Each structure stands twice: as structure tokens, then as C-alpha cells.
Amino acid sequence: MDLQLKGKTAIITGASKGIGRSIALHLAAEGVNVAICARGAEALRITENELLEKGIKVLAQTCDIGNDKELDDFLTNAKNQFGTIDILVNNVSALSLGDDYSDWENSINVDLLASVKATRKVVPLMIDAGGGSIIFISSVSGLESGSPAAYAAAKAALISYSKTIAVQLAPKNIRVNTIAPGSVEFPGGLWEMAKTHNPPFYNMVLGSIPFGRLGTPDEIGKVTTFIASPCASWVTGTCLSVDGGQHKFNL
């Protein structure tokens with residue numbers, strides 16, 4: 001299937017590793033020029049080189065997305081380099097899994113507010129371009145109880161915010177959706193560390209997934225790329241779980 005993405009431009013936050021990296025690579029494989037950011041320079045450079053091998057234009061900038069100035073500089077540079085922005089993927093997460101005030105502050109500031117700020121910056125550019133696609137990477141943790149409270153609350157807020165602005169922006173031909181991944185394992189990621197350092201917890205989660213395995217960033221990247229594409233032109237305001245059946249509630 002031709003996803004009709006060639007020549008479009010995308011911003012993906014937190015895209016040096018894991019899910020963000022996979023989304024960027026799959027978009028690039030479809031001919032999308034991409035702007036990516038992350039705090040760690042080394043991993044960012046590695047991913048930048050992988051993207052350049054796809055033959056597309058790339059902006060890779062170190063950025064603490066929780067810092068307003070750094071975020072604004074990154075988004076401004078993306079606009080200046082590409083001219084128009086067709087796709088925004090708000091992927092970044094603080095992954096604050098405790099319940100201290102600092103965990104709440106990090107989750108709200110990074111997972112939620114930074115995504116809101118990036119969206120508000122990019123929406124006028126999409127309106128000028130005649131439309132676009134905005135995607136928030138949430139989590140099944142935002143759909144049900146049982147996960148760390150601060151993390152889950154921020155992810156639930158993203159789902160609610162996405163639904164609200166999907167309705168507001170539909171007349172502007174801007175689609176807004178949320179992807180809710182289940183537990184995704186990759187080298188250096190949270191679940192690989194849990195597998196090594198907390199096997200009982202890892203095995204408990206593994207046992208809750210009907211497919212009998214955790215997901216991969218590649219599986220999230222492929223679905224996100226489709227949702228970002230014109231082939232999903234009638235999909236907006238949706239929260240799509242990509243989780244191997246891990247989330248079991250009706251809604």
C-alpha cells in the first residue's frame with residue numbers, strides 16, 4: 001500500500017531510542033523528512049545517521065523538551081528547515097514511575113505540558129499548509145488503574161486532550177489521534193531492565209498479555225505511520241491500543 005507520505009515533513013519528540021526512533025525510521029522509509037529531538041546526544045547522532053541512510057532530510061537536535069526555550073528553538077528550527085510541518089508525533093515521556101511530588105511535576109511538565117506546547121506551536125503551521133496529523137503517544141496505563149499514579153494520570157490527560165482538540169481542529173483538516181502502546185521491550189528500555197532486575201514483576205506483566213510476549217517498537221512504529229498517513233484520512237479523535245490484548249476493558 002502506498003501511504004501517500006513521500007515528501008511530507010514530520011516532527012517526532014523523544015526519538016533517539018525505542019518507540020520514537022522506530023516511528024521516525026518508518027516515516028523516513030516512506031519518504032518523510034523528519035525532525036527529531038532527545039536529551040542524549042550520542043543516541044541522537046546514531047539515529048540521525050540511520051535516518052540519513054533513507055535518503056531524506058533530517059534535523060536532529062539535542063533538546064530537553066521540558067525546557068520551554070529549548071523546545072521552542074527545536075520547533076522553530078524544524079519550521080525554518082522544512083518550511084511546512086505535516087505531522088507531529090508527541091512521543092516524549094519523563095517515565096517518572098514514582099509517587100513523589102517530583103514524579104508528578106516531571107510527568108505533568110514533560111509528558112503533558114510539553115506535548116501541549118508543541119501542539120500549540122505547530123497547529124498554526126498546519127492550518128497554513130491546509131491540514132495535518134497530530135499523534136500523541138500515550139499508554140494503556142492511561143486507560144485503566146494499576147500503573148504508577150503520576151505516569152498514568154499524565155497519559156490519561158493526553159487521551160482526553162487529544163479527543164478535545166480533534167473535534168476543534170477537524171474543520172481545519174487536522175486529524176488528532178492517540179496511540180496507547182502496551183508493554184514494549186527494547187535494548188536499554190524499561191522492560192529489558194525489569195526482566196534483568198525484577199523478573200517476578202516482568203513475568204507477571206508478561207502473563208497478562210494474551211499474545212504471550214511484550215511488544216516491539218517496530219510494531220508501534222508501523223501503526224503510528226499508518227495513522228499519520230492520508231490513508232487514515234477518516235480517523236480522528238481515536239485512541240488506538242497497540243498492546244497484544246493487554247488492555248482488557250471494553251472502553
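Start by looking for charged pairs: the structure holds nine salt bridges, each one a side-chain nitrogen of Lys or Arg within 4 Å of a carboxyl oxygen of Asp or Glu. Before you click further, note that this is a predicted model, where local features need pLDDT of at least 70 and side-chain atom pairs count only at pLDDT 80 or more, while totals for chains, interfaces and linings use all residues. Residues are numbered from 1 along each chain as its sequence is written, and side-chain values use heavy atoms, leaving out hydrogens and water.

**Stop one: salt bridges**

Select Asp 68 and Lys 117, whose closest N and O atoms are 2.6 Å apart. Asp 68 sits in helix α3 (residues 68-82) and Lys 117 in helix α4, so this pair ties together parts that are 49 residues apart in sequence. Helices (H or I, at least four residues) and strands (E, at least two) are DSSP runs, numbered from the N terminus. Asp 68 is partly exposed, at 44% relative accessible area; buried means under 20%, exposed over 50%, and partly exposed in between (1.4 Å probe, protein chains only).

Now pick Lys 69 and Asp 73, another salt bridge, with 2.8 Å between the closest N and O atoms. Both lie in helix α3, four residues apart, about one turn of the helix. Lys 69 is exposed at 58%, whereas Asp 73 is partly exposed at 30%.

**Stop two: the sheet**

Switch to cartoon view and find the open sheet of seven strands, paired in parallel in the order β3-β2-β1-β4-β5-β6-β7. Strands β3 (58-62) and β7 (239-242) are at the edges with a single partner strand each, so one side of each has no neighbour in the sheet. Two strands count as paired if DSSP finds at least two bridges between them. Strand β6 (residues 174-181) pairs with β7 over four bridges, and Pro 181 stands opposite Val 242 in β7.

Next, select β2. Six of its six residues are buried, so the strand is largely enclosed by the rest of the structure. Asn 33, Ala 35 and Cys 37 point one way, and Val 34, Ile 36 and Ala 38 the other. Five bridges join β2 to β1 (residues 9-13), running parallel; Ile 11 has Ala 35 as its bridge partner.

Select Leu 95, in the loop between β4 (87-90) and α4 (101-129). Leu 95 is partly exposed, with a relative accessible area of 46%.
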